[in-house]
Amino acid sequence: MYKFLEETVEDNMTRNVKTVQRDRDLLALSEMFETDDFNSYPVEDDGQVVGIVTKFDILKCFAFSPSQMLPRYHNLMSRRIGDVMTPEFIYVSPDTRLTRVLQIMVEHRIRSIIVLDGAEKLVGIIAREDVIKALKATARD
């Protein structure tokens, strides 16, 4: 278990990250979620990460309110990712320790964290599954 204390994001992250553009509609996004079985996508604009969009962001669109008791599916799904994404997102660097990632995930109840390099360029994503896999692997030692 002590080996886990030394583990970093770089050795455990997913490097080939699929991204989305903020002008894409939610219907296309929901199809991507279904096909890829991901929990979130970084949102890019001109090669720069400008936010993150999750399955929960789609669900929030359908929350009932006094003014909208029965949301219309097709109206909501034609909205753009930029309208529902989270522009203030948590990110880590490749040299961040997994212990810190674990703490962030538990504290903020998030499933995945974007990984940016020193120039704030997207280099990966680290998910709960990656952390669990590292915990399991280091427990064997």
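Reader: By the rule used here, how many salt bridges does the count come to?

Author: The count comes to five salt bridges, where a salt bridge is a side-chain nitrogen of Lys or Arg within 4 Å of a carboxyl oxygen of Asp or Glu. This is a predicted model, so local features need pLDDT of at least 70 and side-chain atom pairs count only at pLDDT 80 or more, while totals for chains, interfaces and linings use all residues. Residues are numbered from 1 along each chain as its sequence is written, and side-chain values use heavy atoms, with hydrogens and water left out.

Reader: What makes E7 and K3 a salt bridge?

Author: Their closest N and O atoms are 3.9 Å apart, so the pair meets the rule.

Reader: Which salt bridge does R80 form, and where do the two residues sit in the chain?

Author: R80 meets D25 in a salt bridge at 4.0 Å, N to O. This pair links distant parts of the chain, 55 residues apart: R80 lies in the loop between helix 3 (73-77) and helix 4 (81-84), and D25 in the loop between strand 1 (20-21) and helix 1 (26-36). Helices (H or I, at least four residues) and strands (E, at least two) are DSSP runs, numbered from the N terminus. Both partners are partly exposed, R80 at 38% and D25 at 23%.

Reader: What separates K60 from D57 in helix 2?

Author: K60 and D57 are three residues apart in helix 2, which means about one helical turn between them. Their side chains form a salt bridge at 3.3 Å, N to O. D57 is buried, with a relative accessible area of 3%, whereas K60 is partly exposed at 43%.

Reader: Why is strand 3 described as largely enclosed?

Author: Strand 3 (residues 48-54) has five of its seven residues buried, so the rest of the structure largely encloses this strand.

Reader: Why do strand 4 and strand 6 count as edges?

Author: Three strands form an open sheet with mixed pairing, in the order 4-5-6. Strand 4 (91-92) and strand 6 (122-127) each have a single partner strand, so one side of each lacks a neighbour in the sheet. Strand 4 runs parallel to strand 5 (residues 112-116), with two bridges joining them. V92 stands opposite V115 in strand 5.

Reader: What is the secondary structure of the chain as a whole, and what share of its residues is buried?

Author: The protein chain comes to six helices and six strands. Of its 141 residues, 39% count as buried. Its C-alpha atoms fill a box of roughly 55 × 30 × 25 Å, taken along the principal axes.

Key:
Buried means under 20% relative accessible area, exposed over 50%, partly exposed in between (1.4 Å probe, protein chains only). Two strands pair if DSSP finds at least two bridges between them.
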